[in-house]
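Colleague: I am new to this one. Could you walk me through it, step by step?

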2 protein chains.
Amino acid sequence: MATTLQFITLAEFLKLPETKPASEFINGRISQKPMPQCKHSRLQLKVCNSINQVAETQKIALAFPELRCTFRGRSIVPDVSVFAWKRIPFDAEGEVENSFQIYPDWTIEILSPDQSTIKVISNILHCLKYGTKIGWLIDPSERLILVFLPGQQPLEITGEDKLPTLEYLPLNLTVTQVFAWLKLG
Amino acid sequence: MATTLQFITLAEFLKLPETKPASEFINGRISQKPMPQCKHSRLQLKVCNSINQVAETQKIALAFPELRCTFRGRSIVPDVSVFAWKRIPFDAEGEVENSFQIYPDWTIEILSPDQSTIKVISNILHCLKYGTKIGWLIDPSERLILVFLPGQQPLEITGEDKLPTLEYLPLNLTVTQVFAWLKLG
């Protein structure tokens, strides 16, 4: 994860062109996310789809991959961010806006090899501090998911343990099911 | 961090010769700690010394580097483990025992490059689950310290923030002070 040491303001950062992978603005610094690899991409897609499968038709919530969320001094791009339907900002045409100025209700990060786990956890804690109800940190290499809830000790979820989600989502997933998505065919 | 996939029991693991770096037994698996590099060694020594400076003479507590702690199904070797004086097991000669069968009151881990942060956090959560009062996760590359307290959301401590410690220890440290130890001379 490349980090430039040059200090700039959030407003200056937001004027810069988007990069690929996305760059985040954290504590006055720009930090580029790692290039997603195959496991990461697969999990990101499957997590989004499984959430939207139970949330989109009924207009309960919506999961977005790589959506920029700018709030409370940071501009972050969670791997998956989930918003309660009524909080999604639509523009005049009824289309969803390109970038959100609000915290996600649920932030999901999938660790890549060589990514700074602490930086990712720091973003999850930033979200929880300002309103996010739940954070997942998925570690494909250790086959475990850390679940962050506001004001609580993180939960280490493995195997057949049921994963906590947003309480109003009818989503039942175990860690085993999540990592089974890595087995193709 | 090398991990063998062979499943063995804790009793079998404890009969194996010690390795260098130390191996840990976590969820039925053996996992060897990374070879400590210069920043890691320096921080480990200075953290131990600064704790013992306020804790040893008055027999309040004692900090140990690389002490094996075996409890509740795991055998772990925190970078620094701190025990309240009255909990330290002494042998018949009044000497401290070689390996402890109890949880540390305070566990401190210092991240190495390429180390699995999640595995380290998992060990800290294991400690907190079974009695440990506080855990520190020091990240030299991000210059921040995550502080884990039982039943609470982890705290991200940076800069001039005062670091929480065991409440009965008269130790005042900021994150800046801790990382200043990396500047030699």
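Modeller: Gladly. The model is predicted.

Colleague: Through which surface do the copies meet?

Modeller: Compare the interface residues. Of those in chain B, 100% are also interface residues in chain A, so the copies meet through the same surface.

Colleague: Now the sheet. What is the strand order in chain A?

Modeller: Read it across: E4-E7-E8-E9-E10-E11, an open sheet of 6 strands with mixed pairing. E4 (61–65) and E11 (155–157) of chain A are the edges; each has a single partner strand, so one side of each lacks a neighbour in the sheet. On average, neighbouring strands are turned by 20° against each other, direction ignored.

Colleague: In which sense do E8 and E9 of chain A pair?

Modeller: Parallel, over 5 bridges.

Colleague: Which strands does helix H3 of chain A touch?

Modeller: H3 (residues 117–129) packs on the sheet against E8, E9 and E10 of chain A. Its direction makes about 165° with that of E9(A).

Colleague: Which residues have the most contacts inside the largest nonpolar core?

Modeller: A:Leu137, A:Ile138, B:Leu137 and B:Ile138, in a core of 72 residues. Beyond its neighbours within four places in sequence, A:Ile138 contacts residues including A:Leu43, A:Ile108 and A:Val178.

Definitions and conventions. Residues are numbered from 1 along each chain as its sequence is written. Chains are lettered from A and ligands numbered from 1 in the order in which they are written. This is a predicted model: local features need pLDDT of at least 70, side-chain atom pairs count only at pLDDT 80 or more; totals for chains, interfaces and linings use all residues. Two residues are in contact if their C-beta atoms, placed from the backbone, lie within 7 Å. A nonpolar core is a set of buried Ala, Val, Leu, Ile, Met, Phe, Trp, Tyr and Cys residues joined through C-beta atoms within 7 Å. A residue is buried if 20 or more other C-beta atoms lie within 10 Å of its own, exposed if 12 or fewer, and partly exposed in between; C-beta atoms are placed from the backbone. Two strands pair if DSSP finds at least two bridges between them. Helices (H or I, at least four residues) and strands (E, at least two) are DSSP runs, numbered from the N terminus. Axes are lines fitted to C-alpha atoms, for helices over the stretch in contact, and angles run from 0 to 180 degrees between N-to-C directions.
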